[in-house]
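Visitor: I would like to learn how the features of a protein model are read, one at a time. Could you take me through them, giving the general idea before each case?

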Amino acid sequence: LGPGDVQEGEVAVHIHAAAIAEAAAAFSVKVTYAGGVFILASLIVAYFLARWLTSPVRRLADDAQAVAAGDFHHHTRPHSTDEIGQLARTFEHMTRWLAQAEEQAAEVQHESEEIRHELELAADVTASLFPKTMPDVPGWTIGGLHDREASPGGGTYDVLQMPGGKLGLVLTEASSGGAPGALVAAMARSTLRFASERSADPGTVLREANARLAPDLSQGLNLAVLLVVIDPATGAASIANAGHRPLLHLHAARGTIETVYSEGVPLGAGDPKAFDAALRVAKIKVEPEDTLVMYA
């Protein structure tokens, strides 16, 4: 053929369909394997990444369970500076506060048990000071009531047999409860009984009792006393009040209540001479069906 000549003809290409199908299937398998490996690798990476990202939360959850179980000495250690780390530090401060509160509560409970035991002993001592029976006085009814729970030490009443057939009704109330109050009440009971054997004048009895008790009473501890001396034959009554609540006189004929005041300061509250000078004795007449009330 020379230059510019054109060769005309045709080329026939034969492609086997089965070979193409096999090649396509093989490629599909490779793509599937590659995709599976990629997905599996992605899942593994995602799992470990999630474990790494959530590990502070899981540690904080474990710490919370330990504290919830009562281990207030468990420590939470933050491992990051993000919000989870701040939450962990806050939880650690809260746990330390709970541990301190638990220790303080244990101390308070221990002190409370000691105080309760002391009050029970004081109540037992005080209960032993009350008269077992009231005297039988013709024409008179005498009674007393003691609330053990309201006055666990320091408050007592007594009935004194005095010269001339007189009867002394005495009510005492220490400025402190518990064991100190019970001790003062016991001392006062013995002293008042001793003084009342020699005199039926309430002022004289309280002055002698103060002279004996005041030196043994500690600073800030004193004893309020109300002493009512009655002549059962005549109904005459003399009242000496050393810093106690007043006597109530219920007049049956008039249907009225009179508050009987008499001046005085508690035993042991000051100088004995000042006590003697401040004490005054009041006198009243108890008519039939009248009632006298002494209370603390």
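Visitor: How many of the 8 residues of β2 are buried, and what encloses this strand?

Guide: The model is a predicted one, in which local features need pLDDT of at least 70 and side-chain atom pairs count only at pLDDT 80 or more, while totals for chains, interfaces and linings use all residues. Residues are numbered from 1 along each chain as its sequence is written, and side-chain values use heavy atoms, with hydrogens and water left out. Buried means under 20% relative accessible area, exposed over 50%, and partly exposed in between, with a 1.4 Å probe and protein chains only. On that scale 7 of the 8 residues of β2 are buried, so the strand is largely enclosed by the rest of the structure. For the chain as a whole, buried residues make up 31% of the 296 residues.

Visitor: Which elements does the chain contain, and in what order do they run from the N terminus on?

Guide: Helices (H or I, at least four residues) and strands (E, at least two) are DSSP runs, numbered from the N terminus. Here the secondary structure comes to 5 helices and 8 strands, and the elements follow one another as α-α-β-β-α-α-β-β-β-β-α-β-β.

Visitor: In what order do the 5 strands of the open sheet stand?

Guide: Two strands pair if DSSP finds at least two bridges between them. In this sheet the order is β1-β2-β3-β4-β7, with antiparallel pairing, and the edge strands, β1 (155–161) and β7 (281–285), each pair on one side only. The twist averages 15° from one strand to the next, where axes are lines fitted to C-alpha atoms, for helices over the stretch in contact, and angles run from 0 to 180 degrees between N-to-C directions.

Visitor: Which bridges hold β2 between its partners, and over how many does it pair with β3?

Guide: Strand β2 (residues 167–174) pairs with β3 (residues 223–230) in the antiparallel sense over 8 bridges; L167 stands opposite I230 in β3, and L169 stands opposite V228. With β1, strand β2 pairs over 7 bridges, again in the antiparallel sense, and L169 in β2 is the bridge partner of V159. β1 and β2 form a hairpin with 5 residues between them, and G164 in the turn has a positive phi of about 75°.

Visitor: Where does E289 lie, and what is its phi?

Guide: Most residues other than glycine have a negative phi. E289, although not a glycine, has a positive phi of about 75°; this residue is placed in the loop between β7 and β8 (291–293), and its relative accessible area of 69% makes it exposed.

Visitor: What is the order of the open sheet of 3 strands?

Guide: The strands stand in the order β6-β5-β8, with antiparallel pairing. Because β6 (256–260) and β8 are at the edges with a single partner strand each, one side of each is left without a neighbour in the sheet. Neighbouring strands are turned by 25° against each other on average, direction ignored. Strand β5 (residues 247–251) pairs with β6 over 5 bridges, and H251 has T256 in β6 as its bridge partner.

Visitor: Which residues are linked in a network of salt bridges?

Guide: The network links R198, E208 and R212. R198 meets E208 at 2.1 Å, N to O, and R212 meets E208 at 3.3 Å. R212 and E208 both lie in helix α4, 4 residues apart, about one turn of the helix. E208 is buried at 17% relative accessibility, whereas R198 is exposed at 54% and R212 partly exposed at 43%.

Definitions and conventions: A salt bridge is a side-chain nitrogen of Lys or Arg within 4 Å of a carboxyl oxygen of Asp or Glu.
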